[in-house]
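Visitor: I would like a close look at a single part of this structure. Please take me through it step by step.

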Amino acid sequence: MIVPEGKKEMILLTDRAPNFETPLKYFLLDFTPNDVFFVRWHLAGLPSKVDEETFRLEVSGNVKRELSLSLNDLKTKFKSVSVNAVCVCAGNSRSYFNPRVPGAQWKNGAMGNARWTGVPLKDILQEAGAKGSSFDVSFNGMDEPPLPSVPDFVKSLRMADAMNGEGLVAYEMNGEPLPLLNGYPLKLVVPGCYATYWVGMLNEIKVYVDTFKGFWMDKAYLIPKNTTNGNENPDSLSKKMTPINKIDVRSVFVSPENESVIKANTPCTIQGLALDGGSGIEKVELSIDSGKTWNNCVLNPSLGNYSWRRWSYTFIPETRNYSLQVKATNTKGDSQPVHQWNRSGYMHNEIETLFLKAKVE
Amino acid sequence: MKKKKIFFGVALVAFATSCSSPKEEKDFSKSKNETNSINFQSEEGEELFKANCITCHTLQYIDMQPNFTRKTWEKITDKMIKNFGAPIPDSTAKKIVDYLMAIKGKK
């Protein structure tokens with residue numbers, strides 16, 4: 001555990017570059033508090049503070065008017081909108097892949113749900129007069145490679161996706177300015193997409209006539225093309241790869257935590273959450289007999305299709321060991337695989353198992 | 001040692017272009033660096049790790065990995081050099097792989 005600057009106690013992965021995971025207990029809340037929201041940076045060259053007065057978001061490239069926007073400009077000259085959206089690291093739960101894969105060994109805490117407030121990305125691109133001939137838009141933050149040979153972290157979206165009205169240049173998270181470690185002062189919010197696109201400390205947007213070329217789009221964050229859940233076989237890796245995109249459907253156990261002891265003959269409530277890439281959760285089912293039969297969980301009210309949705313299931317345990325399983329299905333009918341694997345450990349959404357021991361006190 | 005100095009010199013130039021005042025050794029945590037938790041089996045390996053790897057990431061990145069085969073550690077080291085731009089000569093890379101095998105090797 002660690003107490004990062006401006007945060008409460010979190011699970012330490014690395015402090016250079018800063019990578020911290022949210023303890024599971026906070027997932028009993030609808031919104032993940034800012035001071036425990038997971039932190040993921042690739043590049044160690046991170047500013048230790050950002051001057052609100054001199055900070056500018058630059059918009060350039062294939063536009064009619066280049067923009068240099070202050071925080072005040074964004075807050076006063078544009079429409080402000082809010083969206084509830086879950087932010088999930090592509091590699092969340094990587095440590096649960098079998099066989100194991102190299103990378104940041106996250107458990108389930110490299111995700112969080114927040115209410116994001118800011119300016120629609122579309123409005124900023126329109127203000128700049130981004131031309132109709134544009135194909136890609138790139139996003140760069142203030143984090144810097146510690147060596148010139150290390151590729152800068154720049155991500156891109158197709159112009160059509162950038163203009164779809166969903167993306168946000170957020171200056172608030174749960175009603176407060178973003179913590180520095182979560183990308184203060186601006187974070188690109190791409191509801192429904194994995195967090196690799198949610199560029200923090202965003203200070204540069206560029207519009208391109210052609211395809212954007214960059215290491216973090218062409219070589220990193222790739223998944224096997226045309227497969228479900230980014231699945232591939234360890235013995236014959238996919239040849240065709242494509243940039244990771246939408247969040248796949250998933251449910252997670254939150255409470256009680258794995259290998260807990262529970263009281264037999266007393267109602268026990270299992271709690272968890274479910275999420276997907278924006279279609280919305282249709283149902284969550286739980287099995288207490290290793291997947292033979294599935295029982296519907298109670299869904300909490302929806303907080304919007306991009307938000308996660310909490311669920312619960314109450315049963316009276318007998319005196320024995322339990323291995324519970326949970327699976328979610330979205331409104332498109334997509335559900336979760338029994339087994340899943342890919343070389344990079346992305347998009348983990350295998351059906352989870354929770355081990356419990358029920359005892360008479 | 002000379003190479004190490006050049007590393008940080010270059011790094012500082014890169015930082016100077018940033019629009020705030022970042023510090024090269026900014027520590028975002030209140031905890032001690034956890035590299036002490038590892039039982040170093042190779043002093044040379046540790047020195048090479050410090051000289052070649054921690055500019056971008058601490059030994060925690062290795063510490064959290066499961067044990068991998070030599071082939072996997074070679075692939076990872078190669079990726080650090082070719083994809084992530086770590087300026088490490090082949091002869092040093094081999095010694096770093098030996099070190100990674102010593103602390104997180106799967107036989």
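Which residue in strand 23 of chain A is the bridge partner of Lys283(A)?

Guide: The bridge partner of Lys283(A) is Thr329(A). Keep in mind that this is a predicted model. Now for the strands around that pair. Strand 19 of chain A covers residues 281–287, and strand 23 of chain A covers residues 321–330. Six bridges join strand 19 to strand 23. The two run antiparallel.

Strand 23 of chain A also pairs with strand 24 of chain A, residues 352–359. Six bridges join these two strands, again in antiparallel fashion. Here Gln325(A) of chain A stands opposite Thr353(A) in strand 24.

Step back to the sheet. It is open and has five strands, in the order 17-24-23-19-20 of chain A. Strand 17 (260–263) and strand 20 (295–296) of chain A form the edges. Each of these edge strands pairs on one side only.

Now the setting. Chain A holds four helices and 24 strands. Its radius of gyration is 21 Å, close to the 21 Å that the globule rule gives for 361 residues, so chain A is as compact as a globular protein of that length. The C-alpha trace of chain A spans about 70 × 45 × 40 Å along its principal axes. Of the 361 residues of chain A, 49% count as buried.

Notes:
Residues are numbered from 1 along each chain as its sequence is written. Chains are lettered from A and ligands numbered from 1 in the order in which they are written. This is a predicted model: local features need pLDDT of at least 70, side-chain atom pairs count only at pLDDT 80 or more; totals for chains, interfaces and linings use all residues. Two strands pair if DSSP finds at least two bridges between them. The radius of gyration is taken over C-alpha atoms; the globule rule is 2.2 Å times the number of residues to the power 0.38. A residue is buried if 20 or more other C-beta atoms lie within 10 Å of its own, exposed if 12 or fewer, and partly exposed in between; C-beta atoms are placed from the backbone.
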